[in-house]
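The exercises below are meant to be worked with the sequence and the coordinates side by side. Try each task before reading its solution.

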Amino acid sequence: MLTKEEKQEIIKKFGKNENDTGSAAVQIALLTARIKYLTEHFKTHKKDFHSRRGLLKLVGRRRKLLKYLRNYNFEEYKKVVTELGLKG
């Protein structure tokens, strides 16, 4: 999982300040890090179906946040998508 330092680094990179953990960009970045971790986890644990359900829920939550960000702040959406390397 993500360490505390990695989370702080993501918050500094995508947030407006160090305490900005609620903005959509920060949440998308944190979800992307967790999704990447779980994707690597499934390469070795192919039959871990319970965690796979959690992964699908994370992907759905990220998709909703991306949709929100695209509708309300398109410039920030483009920035987040390009920095995280997501399809958009």
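Contact means heavy atoms within 4.5 Å. The model is a predicted one, in which local features need pLDDT of at least 70 and side-chain atom pairs count only at pLDDT 80 or more, while totals for chains, interfaces and linings use all residues. Residues are numbered from 1 along each chain as its sequence is written, and side-chain values use heavy atoms, with hydrogens and water left out.

**Exercise 1.** Describe the overall fold of the protein, from its secondary structure to its contacts.

Solution. Begin with the DSSP runs, where helices are H or I runs of at least four residues and strands are E runs of at least two, numbered from the N terminus. The protein has 4 helices and 0 strands, and its pattern along the sequence reads α-α-α-α. Next, take the principal axes, along which the C-alpha atoms fill a box of roughly 40 × 30 × 20 Å. Finally, consider the contacts between residues at least 6 apart in sequence, of which 49% join residues at least 24 apart.

**Exercise 2.** Determine how α2 and α4 are arranged and which residues join them.

Solution. Axes are lines fitted to C-alpha atoms, for helices over the stretch in contact, and angles run from 0 to 180 degrees between N-to-C directions. The axes of α2 (residues 24–44) and α4 (residues 74–84) come within 11 Å and cross at roughly 20°. Angles under 35 degrees count as roughly parallel, over 145 as roughly antiparallel, 65 to 115 as roughly perpendicular and the rest as oblique; α2 and α4 are therefore roughly parallel to each other. On the α2 side the contact is made by A25, I28, A29, T32 and K36, and on the α4 side by E76, V80 and L84.

**Exercise 3.** Is Y68 buried, partly exposed or exposed?

Solution. Y68 lies in α3 and counts as partly exposed because its relative accessibility is 45%. Y68 and A24 are 44 residues apart in sequence, yet 8.1 Å apart in space, C-alpha to C-alpha.

Notes:
Buried < 20%, exposed > 50% of the residue type's maximum accessible area, 1.4 Å probe, protein only.
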